Amino acid sequence: MGRSSSLPLDGRHSRMGANRNMRSERILVVDDDTGVLGKVQTLLSQEGYSVETATNGADAITRVMQFEPDLVVLDISLAAAQPGDEPFDGIEVLRRVREDF
């Protein structure tokens, strides 16, 4: 897998890259596939990021409020939290986060 680089949209890139082991950026990873979630969390944690995870849209919105991430890695197609619940897909999570935060 090749390496890529990205900067936060709010211009706080001056903290990035100074010391890879001293990063303080917070990343929220949202995916209903726990295998993918675990792999992404492990890779980002090994790079020195503080990583939280969520497996559904409702949990993602709660984690955004509590964790205040600098970046959200968001799966577009999310399953419902409980059988019978209306699923919050990634687009709906994005819409609500943009409206509320």
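The legends below describe close-up views of a predicted model. Local features need pLDDT of at least 70 and side-chain atom pairs count only at pLDDT 80 or more, whereas totals for chains, interfaces and linings use all residues. Residues are numbered from 1 along each chain as its sequence is written, and side-chain values use heavy atoms, with hydrogens and water left out.

View 1. Helices are DSSP runs of H or I with at least four residues, strands are runs of E with at least two, and both are numbered from the N terminus. At the N-terminal end, Asp33 caps H1 through a side-chain oxygen that lies 2.9 Å from the backbone nitrogen of Gly35. Just after H1, Gly48 takes a positive phi of about 100 degrees.

**View 2. Gln41 within helix H1.** Gln41 is partly exposed, with a relative accessible area of 29%; buried means under 20%, exposed over 50% and partly exposed in between (1.4 Å probe, protein chains only). Leaving aside residues up to four places away in sequence, Gln41 touches Val51 and Thr53, where contact means heavy atoms within 4.5 Å. The C-alpha atoms of Gln41 and Thr53 are separated by 7.5 Å, although these residues are 12 apart along the chain.

**View 3. The buried residues of helix H3, residues 90-100.** Gly90, Glu92, Val93 and Val97 are the buried residues of H3. Seen down the helix axis, they fall within an arc of 160 degrees, so they line one face of H3; the arc is that of the directions from the axis to the C-beta atoms. These buried residues pack against helix H2 (57-67) and strand E3 (71-74), while the face turned away from them carries the exposed residues Arg98 and Glu99.

Key. A polar contact is a pair of N or O atoms within 3.5 Å; within protein, one must be able to donate a hydrogen and the other to accept it, and residues adjacent in sequence count only if both atoms are side-chain atoms.
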